[in-house]
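I opened the notebook to record what I looked up, one topic at a time. The sequence and the model come first.

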Amino acid sequence: MGNSDSAGSVSNRMGTTTTSRSVAARVESLFEAHIDSVFNVGYRVLWNRADAEDVAQRTFLKALQRLDQIEDDRRERAWLLQIAYREAIASMRKRREVPTAPDKFPVVPAPGACPAEAAIAAEVASRLAVALAAMRDDERIAVVLRDVEGLPMRDVAEVLGIGHSAAKMRVNRGRSSLRQLVRNAGVI
Amino acid sequence: MRCEDLAERITDLLEGDVSPEEEEAAIEHLAGCSRCEVVLAETRDVISLTADHGAIRLTSVDRARMLGAIQAQATTSTGEAQTSE
Ligand SMILES: [Zn+2]
């Protein structure tokens with residue numbers, strides 16, 4: 001894989017005080033802050049839980065090798081999601097079988113939700129997942145980045161590697177097609 | 001402004017990314033076109049629906065398992081953990 005070489009050179013750049021303990025702490029803080037977003041990007045591209053977990057794992061390991069690239073904390077998530085998106089696209093191109101139906105996810109209820117609220121939320125989330133799966137790939141990921149992850153448009157453009165106006169167009173078209181899909185599904 | 005023009009600019013409108021003249025033209029169109037008014041309202045609904053229900057939250061068990069696997073790989077590849085193996 002070549003992971004050990006590149007990770008080793010990063011720990012040199014970070015200085016001799018770097019220990020496995022501080023690396024572990026850095027991974028843990030990145031992971032805790034961003035795992036749901038990273039997983040979400042992988043999952044919405046690949047629709048398969050195991051593949052999305054692989055993407056998440058590779059994303060954090062790559063991020064660790066490139067910690068010196070983080071400009072500021074505010075952009076940390078866009079930077080990680082760009083790595084995740086590229087990993088997910090690479091996985092999608094490599095795999096032979098495309099899942100015919102998305103893996104189902106047990107919805108983790110919001111803290112303090114009563115069982116009835118949790119059941120409604122689960123039903124809405126499940127219908128939304130079906131609608132998302134029916135979208136064009138390029139429009140779906142743009143909507144996920146902008147509306148689920150809440151990235152500013154310029155970060156959506158950066159993660160996708162496209163221009164600002166192209167990103168806006170994808171988000172706009174994606175919202176329009178999702179609007180029709182959820183309306184047909186009776187969610188709005 | 002025609003309905004197609006408005007449909008193309010909905011995201012710009014919602015993000016405030018339009019000139020005052022364009023905004024005025026959009027407001028004028030919306031006042032006289034109930035179809036576009038519905039489209040705009042539904043677009044707002046779909047944005048909040050996606051924000052509220054589109055995220056996958058991993059369980060704490062899954063998080064712990066995934067973090068463990070990543071840390072095992074990360075510390076092994078720095079070479080620090082290899083002496084303990
Ligand atoms: Zn109209």
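My entries on this structure follow.

**Ground rules**

I noted that this is a predicted model, so local features need pLDDT of at least 70, side-chain atom pairs count only at pLDDT 80 or more, and totals for chains, interfaces and linings use all residues. Residues are numbered from 1 along each chain as its sequence is written, chains are lettered from A and ligands numbered from 1 in the order in which they are written, and side-chain values use heavy atoms, with hydrogens and water left out.

**Entry 1: the cores**

I began with the nonpolar cores. Such a core is a set of buried Ala, Val, Leu, Ile, Met, Phe, Trp, Tyr and Cys residues joined through side-chain atoms within 4.5 Å. Buried means under 20% relative accessible area, exposed means over 50%, and partly exposed is in between (1.4 Å probe, protein chains only).

The largest nonpolar core holds 58 residues. F60(A), Y85(A), L145(A) and L178(A) have the most contacts inside it. Which helix gives the largest share of this core? I found helix α2 of chain A, residues 20–46, with 11 residues. Helices here are DSSP runs (H or I, at least four residues), strands are runs of E (at least two), and both are numbered from the N terminus.

Where does this core lie? Domain 1 (1–101) and domain 2 (106–188) of chain A both give residues to the core, so it lies between them. The domain bounds come from an automatic or database domain assignment.

I then listed the contacts of Y85(A), where contact means heavy atoms within 4.5 Å. Leaving aside neighbours within four places in sequence, Y85(A) touches V41(A), V45(A), I141(A), V159(A) and L160(A). There is also a second, separate core of 10 residues. L6(B), I10(B), C36(B) and L40(B) are among its members.

**Entry 2: aromatic rings**

Next I looked at ring pairs. A pair of aromatic rings is described by the distance of the centres and the angle of the planes. Rings of Phe, Tyr and Trp (its six-membered ring) pair if their centres lie within 6.5 Å; planes under 30 degrees apart count as stacked, over 60 as edge-to-face and the rest as tilted.

I got three aromatic pairs over all chains by this rule. In one of them, the ring centres of F39(A) and Y43(A) are 6.2 Å apart and the planes are at 5°, so the pair is stacked. F39(A) and Y43(A) are four residues apart in helix α2 of chain A, which puts about one helical turn between them. Both F39(A) and Y43(A) are buried.

Stacked or edge-to-face: how do Y43(A) and W47(A) pair? They are edge-to-face, at 5.3 Å centre to centre with 65° between the planes. Y43(A) counts as buried at 2% relative accessibility, and W47(A) is buried at 9%. Ring pairs link F39(A), Y43(A) and W47(A) into a cluster.

I checked E76(A) in helix α4 of chain A, residues 76–94. E76(A) is buried at 10% relative accessibility. Its side chain makes a polar contact with the side chain of H34(A) at 2.8 Å. A polar contact is a pair of N or O atoms within 3.5 Å; within protein, one must be able to donate a hydrogen and the other to accept it, and residues adjacent in sequence count only if both atoms are side-chain atoms. Beyond four places in sequence, E76(A) is in contact with R26(A), L30(A), H34(A) and I70(A).

E87(A) is also in helix α4 of chain A. E87(A) is buried, with a relative accessible area of 8%. Leaving out neighbours within four places, E87(A) touches V55(A), R58(A), T59(A) and K62(A).

Then I turned to D138(A), in helix α6 of chain A, residues 137–148.

**Entry 3: chain B**

Chain B has four helices and zero strands. Of its 85 residues, 39% are buried.

I picked V61(B), in helix α4 of chain B, residues 60–78. V61(B) is exposed, with a relative accessible area of 61%. V61(B) and D5(B) are 56 residues apart in sequence and 48 Å apart in space, C-alpha to C-alpha.
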